[in-house]
Amino acid sequence: SGGPLHLGDIEDFDGRPCIVCPWHKYKITLATGEGLYQSINPRDPSAKPEWCSKGVKQRIHTVTVDNGDIYVTLSNEPFKCDSDFYATGDFKVIRSSF
């Protein structure tokens, strides 16, 4: 929802490394960009919370480290995801200096 993910912490949830939004505490997987949440069946008193996916919420990019240099290859996948909306126009949190 437009939070500054670059300020978030990386934590492991259900064996998946995630970035945690510092504003909303949303969990976004680093590998797929999926939003994760915990769900429980309220009709089952013995049910345990399970991690579920909200679908892809954040566009992901390929990061390569070569001889101590870090390279980011931007995604040009032809699908739209929630993060595209917040990265453009009036909702852009961090404006490019280019």
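Reply: Accessible areas here come from the Shrake-Rupley method with a 1.4 Å probe, and for residues only the protein chains shown count as cover. On that basis the chain exposes about 7500 Å², with carbon and sulfur atoms supplying 53% of it. This is a predicted model: local features need pLDDT of at least 70, side-chain atom pairs count only at pLDDT 80 or more, and totals for chains, interfaces and linings use all residues. Residues are numbered from 1 along each chain as its sequence is written, and side-chain values use heavy atoms, leaving out hydrogens and water.

Now the charged pair. The structure holds 1 salt bridge, meaning a side-chain nitrogen of Lys or Arg within 4 Å of a carboxyl oxygen of Asp or Glu. Its partners are arginine 16 and aspartate 14, at 3.1 Å from N to O. Side chains of opposite charge can pair when their charged atoms come close. Arginine 16 is partly exposed, at 26% relative accessible area. Buried means under 20%, exposed over 50%, and partly exposed in between (1.4 Å probe, protein chains only). Of the 98 residues, 19% count as buried.

The chain has 1 helix and 7 strands. Both are DSSP runs, numbered from the N terminus: helices are H or I with at least four residues, strands E with at least two. The order from the N terminus is β-β-β-β-β-β-β-α.

Aspartate 82 is partly exposed, at 39% relative accessible area. Its C-alpha is 9.1 Å from that of glycine 2, 80 residues away in sequence.
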